[in-house]
Amino acid sequence: MPSTLEALTRWVDKVASLTQPAQIHWCDGSESEYRALVQQMLADGTLIELNQQSHPGCYLHRSNPGDVARVEHLTFVCHARREDAGPNNHWMDPAEAHAKMDALFDGCMEGRTLYVIPYCMGPIDSPLSRCGVEITDSPYVVANMRIMTRMGAAALKRIEREGTFVKGLHSTGELDPERRFIMHFPEERTIKSYGSGYGGNALLGKKCHALRIASHQARDEGWLAEHMLIVGIENPQGETHYIAAAFPSACGKTNLAMLIPPEGYRRDGWKVWTVGDDICWMRPGQDGRLYAINPEAGFFGVAPGTSDSTNPNALATVAHDTIFTNVAVTADNQPWWEGLPGQPVTDWRGRPYDPANGPAAHPNSRFTVSAKQCPTWSPKAEDAQGVPISAIVFGGRRPSLLPLVMEARDWSHGVLMGAAMGSETTAAATGAVGVLRRDSMAMKPFCGYHYGDYFAHWLSFDKAGAVLPKVFHVNWFRKDAEGRFLWPGFGENLRVLEWMIARVKGDAPGVDTAIGILPARDELNLDGLSLTPGQLDELLAVDSEGWQAELEAIGDYLQSFEPRLPTRLRREQQDIATSLEGRTAAASA
Ligand code: OXD
Ligand code: MN
């Protein structure tokens, strides 16, 4: 008997009789198992060996060209009651969804191996962690799950002790977009995914479990599952403040999580510690503060744009033992993407590189790598208790209006800032790129239930005994009239984080405005930056008329969550709108 947990063996048997695999393999997560899978994938062409001198242990996977990103229009959240999914999700009746999926899974693993992957999201001994089991017919998924989660024997032991686990069933099927669905059943803690091998659709521990199912479970259990990086900032006095930050996909979470301090800061002794780059689970501790873990064990990062100038830590991390997906290749068989020096000779589809075919690496090409390889990996990342969060940051790609940084006056204002987040779309999901869309808390594609209920859950943390983090909103992507970025970004973002920490410690008074607290001109350390006073003014300007229009747009957006929109959030939006009108009237009187 591969497991002592009857509920697990019964489920595996049931899936096997539906999918009819040639064999069943229970993953133990060992190095030898990983090596054997890699050999098998090299033999059948699923993986291609990269230059083992320059990149030991690195392989390339080329996916089907029609299967390179998350598919939000094919992703469903199947609550028993339609209203519980909210206007932020696609919904299907659970019985109909199960029937549809089971018809697809019927016999789909004939001649294939069914892999059973027990995994733990979060440190194996943490009370904040949660476990799942993914069944898949893809060895590529098994190899990626081994990097991205604590997978195998230790996870199985915890699952057997606890008796509960999230069930995830996956098959690559025929990779036919017409036969592709990513279904979630939050009330059953179950996922069924068919027809895609892409990370966010197929590595079920990540978006499907750690965000969509976990966000729903978190509401039931009094915690938060968020699309956030976690970074520790150590000041020259040796104090470390942990910051959790939500940005939509492909907006630089990995870069911020691995930030290299500017030269002067390094000299003064500032250090940055990476705890996570994509997902954060938080819950109140005994002292009332929020404590966070990164449920993942690896990075599934966007390759293009990752370079020695933008993120040298990421580059060092992926120098060995990394699976690359849909990158290009150089003449000497090294992985290549836009932003790196050198020349590609083969593009992501395996064709001779021709600029007429577009970028050499797919814009959503990825690396999968163990977090332990990151030079700034935090020693606290494995801490069972998690790290205490001093500040929560929201942000997006906003070419205009949104200042470089602003702080919420209190928790409910912070929740409004998160709810109102907007960003230009990126290549991480299929669909048009560069269109502004509201993406509350960067969870639009990932919140497993009604956004109105989710906002209420966020607000519920403001209660007696709570010692909540300060909340900020940042915008690294503000442009001038000529379309040039006003702020240099990357490592220089530490200057903004330093101001946040000063605010947390009560060391910076800030300037109170209708939209929140902004830094006074002399509160941001700009030493060594070639920023003109005009640029700083633009970055910190509050355009009252522009903001009045923005508040109206936010009001319309919030309206779409009625009747479940918390009145407190509506009041926040109205209070700011009124304050803006008052200030505009006073200024023109
Ligand atoms: C990701 C995403 O892969 O957000 O992290 O799409
Ligand atoms: Mn993400």
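**Entry 1: domains**

I looked up how far apart domain 2 and domain 3 are, and their C-alpha centres lie 29 Å apart. I note that this is a predicted model. I then checked how the protein is divided: domain 1 covers 6-48 + 70-221, domain 2 covers 226-294 + 381-583, and domain 3 covers 298-373. For contact between domain 2 and domain 3, I found 12 residues of domain 2 touching 12 residues of domain 3.

**Entry 2: where the ligand sits**

I turned to ligand 1 and its place in the protein. The space that ligand 1 takes up is the largest pocket. Which domains each give at least three residues to the shell around ligand 1? I noted domain 1 and domain 2.

**Entry 3: the shell**

I listed the residues around ligand 1: Arg 70, Lys 206, Lys 207, His 227, Ser 249, Asp 278, Phe 300, Arg 366, Ala 428 and Phe 446. I sorted the shell by type and got 5 charged, 3 nonpolar and 2 polar residues.

**Entry 4: polar contacts and burial**

I looked for side chains with a polar atom by an oxygen atom of ligand 1. Lys 207 has a polar side-chain atom 3.0 Å from such an oxygen. For Arg 366 I read 3.0 Å between a polar side-chain atom and an oxygen atom of the ligand. In Asp 278, a polar side-chain atom is 3.1 Å from an oxygen atom of ligand 1. Last, I checked how much of ligand 1 is covered: taken alone it exposes 210 Å², and the protein buries 95% of that.

Terms used: Residues are numbered from 1 along each chain as its sequence is written. Chains are lettered from A and ligands numbered from 1 in the order in which they are written. This is a predicted model: local features need pLDDT of at least 70, side-chain atom pairs count only at pLDDT 80 or more; totals for chains, interfaces and linings use all residues. Side-chain values use heavy atoms; hydrogens and water are left out. A residue is near a molecule or strand if one of its heavy atoms lies within 4 Å of it. A polar contact is a pair of N or O atoms within 3.5 Å; within protein, one must be able to donate a hydrogen and the other to accept it, and residues adjacent in sequence count only if both atoms are side-chain atoms. Accessible areas come from the Shrake-Rupley method with a 1.4 Å probe; for residues, only the protein chains shown count as cover. On a 1 Å grid over the protein atoms alone, a cavity is a set of points where a 1.4 Å probe fits but cannot get out, and a pocket is an open set with protein on both sides within 12 Å along at least five of seven lines; lining residues have an atom within 4 Å of a point. A molecule sits in a cavity or pocket if more than half of its atoms lie within 2 Å of its grid points. Ala, Val, Leu, Ile, Met, Phe, Trp, Tyr, Cys and Pro count as nonpolar, Asp, Glu, Lys and Arg as charged, and the others, Gly among them, as polar. Domain bounds come from an automatic or database domain assignment. Contact means heavy atoms within 4.5 Å.
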